[in-house]
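Please read each one with the coordinates open.

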Amino acid sequence: SPIQQAFIDAGAVQCGFCTPGLLVAADELLERQSDPSDQDIREALSGNLCRCTGYEKILDAVRLAAARQGEAV
Ligand code: FES
């Protein structure tokens with residue numbers, strides 16, 4: 001899916017333990033908000049803990065997916 005590809009392209013997957021929950025949360029966010037702010041992304045993902053990435057690449061992945069979604073419209 002586009003969100004999965006964005007996670008791969010942004011390097012947001014390391015061990016992968018947290019990835020399914022982040023993908024579901026990010027996908028749900030992008031369904032309700034096509035152009036989320038960083039605060040929106042942080043709030044949407046806030047229930048998911050990642051021990052590997054430091055979150056910056058995860059935020060990049062969601063930003064990337066949102067941008068690609070906007071280009072496709
Ligand atoms: S990628 Fe390892 S816990 Fe998130």
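1. I begin with T53, which, leaving aside its neighbours within four places in sequence, is in contact with A12, Q14 and I58; contact here means heavy atoms within 4.5 Å. T53 is found in the loop between α3 and α4, where helices (H or I, at least four residues) and strands (E, at least two) are DSSP runs, numbered from the N terminus. At 13% relative accessibility T53 counts as buried, and the classes used throughout are buried under 20% relative accessible area, exposed over 50% and partly exposed in between, with a 1.4 Å probe and protein chains only. The side chain of T53 also reaches the backbone nitrogen of Y55, at 3.0 Å; a polar contact is a pair of N or O atoms within 3.5 Å, in which, within protein, one atom must be able to donate a hydrogen and the other to accept it, and residues adjacent in sequence count only if both atoms are side-chain atoms.

2. A word on the basis of these values: this is a predicted model, in which local features need pLDDT of at least 70 and side-chain atom pairs count only at pLDDT 80 or more, while totals for chains, interfaces and linings use all residues. Residues are numbered from 1 along each chain as its sequence is written, and side-chain values use heavy atoms, with hydrogens and water left out.

3. N48 lies in the loop between α3 and α4 as well, and at 18% relative accessibility N48 counts as buried. Leaving aside neighbours within four places in sequence, the contacts of N48 are G21, L22, A25 and Y55.

4. Which residues of α4 are buried? They are I58, L59, A61, V62, A65 and A66. Seen down the axis of α4, these buried residues fall within an arc of 160°, so they line one face of the helix; the arc is that of the directions from the helix axis to the C-beta atoms. They pack against α1 (2-10), α2 (19-32) and α3 (38-45). Helix α4 itself (residues 56-72) has 17 residues and reaches 24 Å from its first C-alpha to its last, close to the 24 Å expected at 1.5 Å a residue, the expected span being 1.5 Å times one less than the number of residues.

5. In α1, the buried residues are I3, A6 and F7. Seen down the axis of α1, they fall within an arc of 100°, so they line one face of the helix, and they pack against α2 and α4. The face turned away from this buried side carries the exposed residues P2 and I8. After α1 comes G11, whose phi is positive, near 70°.

6. G16 has its place in the loop between α1 and α2 and is partly exposed, with a relative accessible area of 24%. The C-alpha atoms of G16 and G54 are separated by 13 Å, although the two residues are 38 residues apart along the chain.

7. For the whole chain, the protein has four helices and zero strands. Its radius of gyration is 11 Å, close to the 11 Å that the globule rule gives for 73 residues, so the protein is as compact as a globular protein of that length; the radius is taken over C-alpha atoms, and the rule is 2.2 Å times the number of residues to the power 0.38. Of the 73 residues, 33% count as buried. Among contacts between residues at least 6 apart in sequence, 55% join residues at least 24 apart.
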